[in-house]
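Here is a short briefing to read alongside the structure. It goes topic by topic.

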There are 2 protein chains.
Amino acid sequence: MPLYSNVAIVGVGLIGGSIGLALRQRGLAAEVVGIGRRQASLDKALACGAIDRAEVDLAAGVASSDVVIVATPVDSIAATVRQVVTESGDTTLVTDAGSTKAAICAEIDAITPPLSSFVGSHPLAGDHRSGPENARPDLFEGKVVVVTPTGATPSGVVGRAQALWESLGARVMLMSPEQHDQALAATSHLPHLVASALAAATPDQWLPLAATGWADTTRIAAADPELWTQIFSHNKSATIAALDRMVEQLGQLRMSIFSENWQQLQDTLIQAKRTRDALGN
Amino acid sequence: MPLYSNVAIVGVGLIGGSIGLALRQRGLAAEVVGIGRRQASLDKALACGAIDRAEVDLAAGVASSDVVIVATPVDSIAATVRQVVTESGDTTLVTDAGSTKAAICAEIDAITPPLSSFVGSHPLAGDHRSGPENARPDLFEGKVVVVTPTGATPSGVVGRAQALWESLGARVMLMSPEQHDQALAATSHLPHLVASALAAATPDQWLPLAATGWADTTRIAAADPELWTQIFSHNKSATIAALDRMVEQLGQLRMSIFSENWQQLQDTLIQAKRTRDALGN
């Protein structure tokens, strides 16, 4: 017997589609409903087996759900959660999959009356390719999902969200929304800016001389510019702080090279290699 | 009948070992000799089939070679080429595989009497892992090798070097050593500094929240710090110029975020994506 009778996913892109595939392939839900505004995306999600049923009407989609996961771009998550809560039952677990948490959770915490069953989530899994056609049922296996309770989060909800993500193969870490945004500024938002700046700083005529090093270092610059602009707008101050640390680090490297302090340069490269090696390939 | 009767490779690491594997698997040389100072590396190269014979004595290794490829760290290439030329025949093609070219080629051009058969090469192929145990016979297939003639390069030598690299499956581009170093500062040396700075700028306690974006963007920070310090010391001014372009680009991104000019930010991300997409995955 499946863990859930009905799970609704609002937004069936790469993340929403992968959640659907994982739920269906693991037999976790009797029915997976995909909700979206564009029929074309819903058709793709149906075609690749990510959902059992497609709905363009949110109210119809979430009416009988045990769980609703909002996997839309970050700018629309809070408003969508509000609408989901209005249309679904009091005991329906509602969570999201947004890459930022502080602004979204603050906006949701301000809703009156307080929501009875929402907590924020961020699965640290993705790809520079988007859309349900790139969804994979194993996207979350062994990956971290950050769940971000606040002082307003009702008891029991965190455990239910944790169980949901663990059922998809993920490991759950609990952090406050603000801690999450600080950390992700360093580990995700800054790398994106760096990859984009590196691509933008490469003169076109030299691109034929770009090899695997350039390709690896710029790969995430291929991600969706609109989604990422929203992410930066949600996490402005932590991103700027991370960017300033990066520029300071580059300044130290420049000074080592300029002053021909090769031992100092090598020491920095050794420290960076140690940090990188700690993560594995 | 093989193209070459004897090819010697000085330095059997990742690049030298891969050249040996490619020569042997393609049946291009009757004998491939590996020359190195450390018997342990030579034994590894023999064990993985990269060479037919190992020599710790350079003179004995290159005495009867048609071709000698110097694949040592950049700091020792010019001196090694000088020694190779003294010990090998007048018609022996000598080239290298160094990641920088201007300093090496200038030092070699200054040798008297002028060398009769040297031209510099840089295969744009590699891996963040080093050593002959990571060598691959297909490392050069479809990859670019830059061959860098100078005013002092004897006629005919460029064509022979081009034929050598093409026999390993590579495409050859001709550039001056200075043009090469300018271009590679942007496409290889800067990405390395950026990857290292990003790894070094990431606080340890947030590493558990690093996902594929961070992993891709920092991957080349795992390469050998000593080899890379030598590369930066060979290409100081072009690297600093590339670094300054990068910091300026990061400064523009910072300004877009700070001033909440989201349209400008998105435009930069779009331009970066276009550049990145042009390269493919």
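This is a predicted model: local features need pLDDT of at least 70, side-chain atom pairs count only at pLDDT 80 or more; totals for chains, interfaces and linings use all residues.

Chains A and B touch through 73 residues from chain B and 73 residues from chain A. On the chain B side, helix H7 gives the most, with 16 residues. Chain A is divided into two parts, domain 1 (4–175) and domain 2 (180–279).

**Contact between the chains**

- Several helices of chain B give two or more residues each to the side that touches chain A. They are H7, H8 (212–218), H9 (225–234), H10 (236–258) and H11 (262–279).
- By class, the chain B side has 46 nonpolar residues. The rest of that side divides into 18 polar and 9 charged residues.

**Helix H7 of chain B**

- H7 of chain B runs over residues 177–200.
- The helix bends by about 55°, and the bend is at Ala185(B).
- Of the 24 residues of H7(B), 22 are buried, so the rest of the structure largely encloses this helix. A residue is counted as buried when 20 or more other C-beta atoms lie within 10 Å of its own.
- H7(B) is also the element that gives the most to the side of chain B that touches chain A.

**The sheet in chain B**

- In chain B, 5 strands form an open sheet. Their order is S3-S2-S1-S4-S5, and the pairing is parallel.
- Strands S3 (53–55) and S5 (93–96) of chain B stand at the edges. Each has a single partner strand, so one side of each is left without a neighbour in the sheet.
- From one strand to the next, the twist averages 20°.
- Strand S4 of chain B covers residues 67–70. S4(B) pairs with S5(B) in the parallel sense over 4 bridges.
- Ile69(B) has Thr95(B), in S5(B), as its bridge partner.

**The domains of chain A**

- The C-alpha centres of domain 1 and domain 2 of chain A lie 30 Å apart.
- Contact between these domains takes 14 residues of domain 1 of chain A and 14 residues of domain 2 of chain A.
- On the domain 1 side of that contact, helix H5 (102–109) and strand S7 (144–148) of chain A each supply at least two residues.
- The residues on that domain 1 side divide into 6 nonpolar, 6 polar and 2 charged.

Technical notes
Residues are numbered from 1 along each chain as its sequence is written. Chains are lettered from A and ligands numbered from 1 in the order in which they are written. The bend at a residue is the angle between axes fitted to the seven residues ending there and the seven starting there. A residue is buried if 20 or more other C-beta atoms lie within 10 Å of its own, exposed if 12 or fewer, and partly exposed in between; C-beta atoms are placed from the backbone. Two strands pair if DSSP finds at least two bridges between them. Axes are lines fitted to C-alpha atoms, for helices over the stretch in contact, and angles run from 0 to 180 degrees between N-to-C directions. Domain bounds come from an automatic or database domain assignment. Two residues are in contact if their C-beta atoms, placed from the backbone, lie within 7 Å. Ala, Val, Leu, Ile, Met, Phe, Trp, Tyr, Cys and Pro count as nonpolar, Asp, Glu, Lys and Arg as charged, and the others, Gly among them, as polar.
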